[in-house]
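Subject: Structure handover

Hello,

My notes follow below it.

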Amino acid sequence: MSHLDPHPPSQDAVIIGGGFYGAAIAVYLARQRGLKRIVLIEREPALLMRASYNNQARVHNGYHYPRSFTTAYRSRVNLPKFIRDWPLAIKKDFTKLYAISRRNSKVTAKQFERFCQQIGADIKPADSMLRDLFEPRLIEDVYLVEEYAFDTTQLASWAERELKENGVQVRYQTRATAISKGAQGALQVVVERHQGEQEVLSSRYVFNCTYSSLNQFKGDFPGVSTGLKQEITEMALMQMPPSLEGLGVTVMDGPFFSMMPFPARGLHTLSHVRYTPHLSWSDQQGLDPYEKLRHYKRDTRVDRMVRDVGRYMPEVLKAKYMDSLFEVKTVLLKNEGDDGRPILFEKHAELPGCYSVLGGKIDNIYDVFETLEAENITSIDDQEKTKFGVVNV
């Protein structure tokens, strides 16, 4: 690229993507690693507007992953930390139930109990009033569990405040289009503003936290080596009848459903294993998932969701449909079978200092921090001091 800057990097780090992961990594780099010059690039007009918002807003405690012990166990470890660090965003004032289907379930009630015991997750048999909400011919057992929801608007407020306090420069309605190797160990990021103006940012480190757009960069960026599957998903937003208002319900473990409070809108999300995914494809460079979503005809499948869910919980038939959240969901191909949600953390050997990070669940952020702890990340200023023999004692 002819317009690459021959000078040393002017930024410590450029973070691409202002979702929860991008914002949390920027704050971590400023606070924990002492980086002074950090720029965060976000294509939307505000933070946490995409996948961080358009999801089930569930803080997992492991119950959801009986076929992936590692994911379940990490959720158990991470949940208390998440509650400690983001208390204002946590909604606890609802009853959470997990129910096991008699048919087509990949786990039986006994297996589920044993699994919860193994990961140390609390479960209790649900009382008869709660059990009566379910069709006994279809449901084998119902358990009372500890699981919470999060309010994305609260997380976005936290992100804005922390980024400002830590001197992170946030550029909204700006898109990174290319990542390349520059001179003197710098990385060059081509960014395009809303109006089409281009600029090249020179940085020591680049964190690609673009979730579904991980592979959509030109320049020297090699793409991630892990196979990704993209899905256009629909999360229905429902106003539940009074009988279900204070409840969250997940029916395991197969072609079933989940309903959770959605604090950001004061409603419930309803998702269904069969009807929530509308369209899926294997990710590839040059096929922008967000463009695909933009042109997708958003026909709701809520009628089919409600009809099926109503067989298991007749009260759901009284719920009122309000809206749908359509989004691109990105999963690692290797975890399709076990439903595991590990983080993807890739260092690009061709571009030293460039990392791609993808988290499947919000509480996975601690796995990212843990991985980053092992990385030798220093600011430009520290590097200059070391070069000239200035060492802080």
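Two strands count as paired if DSSP finds at least two bridges between them. Please keep in mind that this is a predicted model.

**The three-stranded sheet**

E3 and strand E8 (residues 148-150) meet that criterion, with two bridges in the antiparallel sense. Arg58 stands opposite Ala149 in E8. The sheet is open and has three strands, ordered E3-E8-E4, with antiparallel pairing. E3 and strand E4 (90-91) are its edges. Each has a single partner strand, so one side of each has no neighbour in the sheet.

**Strand E16 and its partners**

E16 is worth a look on your screen. Six of its six residues are buried, so the rest of the structure largely encloses the strand. Strand E15 (residues 247-252) pairs with E16 in the antiparallel sense over two bridges. Val249 faces Met259 of E16 across that pairing. Four residues separate E15 and E16, and the two strands form a hairpin.

On to strand E17 (residues 267-272). E17 and E16 are antiparallel too, over six bridges. Phe262 has Leu267 in E17 as its bridge partner. This hairpin has four residues between its strands, and Gly266 takes a positive phi near 65°.

**Aromatic contacts**

How many aromatic pairs does the structure hold? There are 21. One of them joins Tyr53 and Phe262. Their ring centres are 5.5 Å apart and their planes stand at 90°, so the pair is edge-to-face. Tyr53 sits in the loop between strand E2 (38-41) and strand E3 (58-59), while Phe262 belongs to strand E16 (residues 257-262). The pair therefore ties together parts that are 209 residues apart in sequence. Both Tyr53 and Phe262 are buried.

There is also an aromatic cluster. Its members are Phe20, Tyr21, Tyr28, Phe82, Trp86, Trp158, Tyr366 and Phe369.

- Lys92 sits over Tyr148, with its charged end 5.4 Å from the ring centre.
- Lys292 sits over Trp281, with its charged end 4.6 Å from the ring centre.

**Helix H8**

Which residues of helix H8 (residues 365-373) are buried? They are Ile365, Tyr366, Asp367, Val368, Phe369 and Leu372. Tyr366 and Phe369 also belong to the aromatic cluster. The buried residues of H8 pack against two helices, H1 (20-31) and H2 (69-85). They also pack against strands E12 (198-208), E20 (344-347) and E21 (354-358).

**Cysteines**

A search of the whole structure finds zero disulfides. A disulfide needs the two sulfur atoms within 2.5 Å. Cys209 is buried, at a relative accessible area of 8%. Cys354 is buried as well, at 1% relative accessibility.

**An annotation to check**

An unreviewed UniProt entry carries the annotation "transmembrane region" for residues 13-30. In the model, the chain over residues 13-30 is 61% helix and 22% strand. The end C-alpha atoms of that stretch are 10 Å apart.

Best wishes

Notes: Residues are numbered from 1 along each chain as its sequence is written. This is a predicted model: local features need pLDDT of at least 70, side-chain atom pairs count only at pLDDT 80 or more; totals for chains, interfaces and linings use all residues. Side-chain values use heavy atoms; hydrogens and water are left out. Rings of Phe, Tyr and Trp (its six-membered ring) pair if their centres lie within 6.5 Å; planes under 30 degrees apart count as stacked, over 60 as edge-to-face and the rest as tilted. Buried means under 20% relative accessible area, exposed over 50%, partly exposed in between (1.4 Å probe, protein chains only). A charge sits over a ring if NZ of Lys or CZ of Arg is within 6 Å of the ring centre and within 35 degrees of the ring normal. UniProt positions are given in the numbering used here, feature names are shortened, and annotations may be inferred rather than shown by experiment. Contact means heavy atoms within 4.5 Å.
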